[in-house]
Amino acid sequence: MSRSPARVFAALNAVRPPDQASPVLGKAVVVGGSVAGLLAARVLSDHAESVVVIDRDDLHVTGARPGVPQGTQLHALLPGGLHQLEYLFPGFRAQAAAQGAVEAPPAAQRNYLDGRLKVVVPDDADSLAGSRPLLEGLIRQRTLALPNVKTVTARATGLVIDGVVTTGVRCDTGGVSGIERGDLVVDAMGRSSRLPEWLEQAGWERPVTRRMAVHLNYATAVFRRAETNPDPAVVLALHSPRTATDVAGAAYFAVEGDRWMAMMAGYGDNRPGRTAEDFVRRLREQFPPEFGEVAGNEMLGDVRTYGHADSRRRDFHALTRLPAGLVSVGDAVASFNPVYGQGMTAAALHAACLSVYLRSGADLGTPARRFFALQKVVVDAAWSMSTSADLALPHVDGPYPRGYRLSSWVSRQIVTATVTDVAIARRFNQVVSMREHPRSLATPGVLLGALRANRRAR
Ligand SMILES: Cc1cc2nc3c(=O)[nH]c(=O)nc-3n(C[C@H](O)[C@H](O)[C@H](O)COP(=O)(O)OP(=O)(O)OC[C@H]3O[C@@H](n4cnc5c(N)ncnc54)[C@H](O)[C@@H]3O)c2cc1C
């Protein structure tokens with residue numbers, strides 16, 4: 001790839017669906033009908049005559065579902081992801097709002113870093129707050145409304161590879177085995193995807209999996225909300241890794257159904273939310289006063305917890321032997337410390353990679369190397385953001401990339417400056433919301449601006 005990663009990343013962010021469908025393949029089979037699989041199916045609907053989405057859950061049932069155990073946890077949709085969804089599904093934002101999602105323009109957001117209120121929220125930090133089932137449900141509704149997309153409820157159990165080409169997926173439907181044939185198979189089975197094992201079993205190479213242990217404990221609870229247009233609607237109180245001994249932070253959003261959704265996260269032995277009393281007490285004692293006010297409302301249901309052991313990525317791009325007609329997207333390729341809220345936005349950018357790949361005259365008779373090379377740019381960007389922050393956590397012990405000490409000092413200066421300087425906060429926001437590549441922060445101008453802002457603040 002001759003263009004710089006930053007340019008590729010910018011181009012992916014600018015991808016729009018074609019005005020007219022232009023099928024380059026007959027049937028595509030997507031395994032996994034969560035956010036990444038549905039977004040891939042949306043893109044494929046423009047380039048395949050038909051698309052089949054296979055999931056072990058019945059995708060016509062609404063609400064939280066067993067195949068997505070993280071679905072009960074608070075999910076932030078980054079502004080970059082919201083833009084992508086609006087391109088793929090025009091009117092998405094208005095439709096989500098009509099279903100109860102709460103608009104959170106910059107004026108309705110409040111951010112704390114290490115207990116200090118950020119004096120500036122950049123004017124482009126536009127957000128939409130809704131539960132994960134609402135967001136996923138709307139993506140599903142819009143995707144399954146496409147005339148050439150259908151679903152199959154089945155558990156995928158393996159690949160069918162004829163010679164060097166993937167030609168289908170083996171499925172189990174209530175004890176009955178079958179095969180779903182296709183010209184392109186998309187793995188969107190999430191972080192526990194069994195694609196590496198399936199490849200190995202079929203005599204192919206399995207991708208190297210890289211992990212960074214973060215030992216994060218998440219807890220989410222829902223509270224009754226009286227205000228129709230709460231101010232603020234979105235509040236984040238994060239701890240920077242250097243100061244976070246074991247408390248990662250907390251957040252609460254106004255969500256549909258006149259509810260507050262509050263999340264708290266800790267590292268290692270810090271396990272918030274074992275009981276409702278513990279959750280409420282910690283919100284009151286460890287976070288700014290408005291968290292206590294939310295916790296003073298009636299709790300609806302139980303506290304839901306989730307353990308996230310590691311960030312992990314699978315290096316499909318580095319495989320020397322890979323069957324044709326096969327790609328992998330979403331958490332199946334890379335899943336990160338959820339504190340940074342990257343997953344759904346990264347999945348949208350993987351869908352953009354698929355769009356570029358298919359539009360560039362992809363030869364489905366050869367391995368999808370161009371797709372994986374594009375996707376690597378997205379994975380590298382998200383991985384560098386989340387793991388470089390996590391490496392500063394006291395309990396994380398590497399692996400440290402070259403030049404880590406210098407780069408972590410630089411990022412500390414920039415992050416500190418976001419509390420007081422709107423220009424730096426805006427640049428930083430563009431990167432954390434995945435609209436710009438992290439390298440856009442690595443300029444002398446940004447560093448000098450950050451140093452000056454930090455000196456002024458002292
Ligand atoms: C605690 C937590 C909090 C998070 N918070 C955020 C956040 O704030 N913002 C954000 O953007 N992201 C967040 N994420 C990440 C986000 O949930 C994922 O990135 C997002 O769901 C995309 O994942 P996916 O579609 O690749 O996989 P998943 O959502 O895991 O879905 C995988 C799908 O594959 C299906 N499947 C699996 N195996 C098979 C099989 N053999 N046969 C058939 N079907 C199968 C499953 O049923 C499921 O539907 C969070 C994650 C966690 C764990």
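Me: What are the caveats on the model?

Reply: This is a predicted model, where local features need pLDDT of at least 70 and side-chain atom pairs count only at pLDDT 80 or more, while totals for chains, interfaces and linings use all residues. Numbering runs from 1 along each chain as its sequence is written, and side-chain values use heavy atoms, with hydrogens and water left out.

Me: OK. Is R132 buried or exposed?

Reply: Buried, at 4% relative accessibility. Buried means under 20% relative accessible area, exposed over 50%, and partly exposed in between (1.4 Å probe, protein chains only). R132 sits in helix α5, residues 132-144; helices (H or I, at least four residues) and strands (E, at least two) are DSSP runs numbered from the N terminus.

Me: On to the ligand. How many residues surround it?

Reply: 31, and the closest are S34, D55, A76, R132 and D331. A residue gets in if one of its heavy atoms lies within 4 Å.

Me: Which polar side-chain atom lies 2.8 Å from a ligand oxygen?

Reply: One on H75. Q70 also has a polar side-chain atom 3.0 Å from an oxygen of the ligand, and a backbone N or O atom of G343 lies 3.4 Å from a ligand oxygen.

Me: And how much of the ligand does the protein bury?

Reply: 95% of the 1,000 Å² that the ligand exposes when taken alone. Those areas are Shrake-Rupley with a 1.4 Å probe; for residues, only the protein chains shown count as cover.

Me: Which elements give two or more residues to the shell?

Reply: α2 (35-44), β8 (155-162), β16 (299-314) and α9 (343-359).

Me: Where does the ligand lie relative to the domains?

Reply: Between domain 1 (5-74 + 137-210 + 311-380) and domain 2 (101-127 + 211-310), because both give residues to its shell. The bounds come from an automatic or database domain assignment.

Technical notes:
A polar contact is a pair of N or O atoms within 3.5 Å; within protein, one must be able to donate a hydrogen and the other to accept it, and residues adjacent in sequence count only if both atoms are side-chain atoms.
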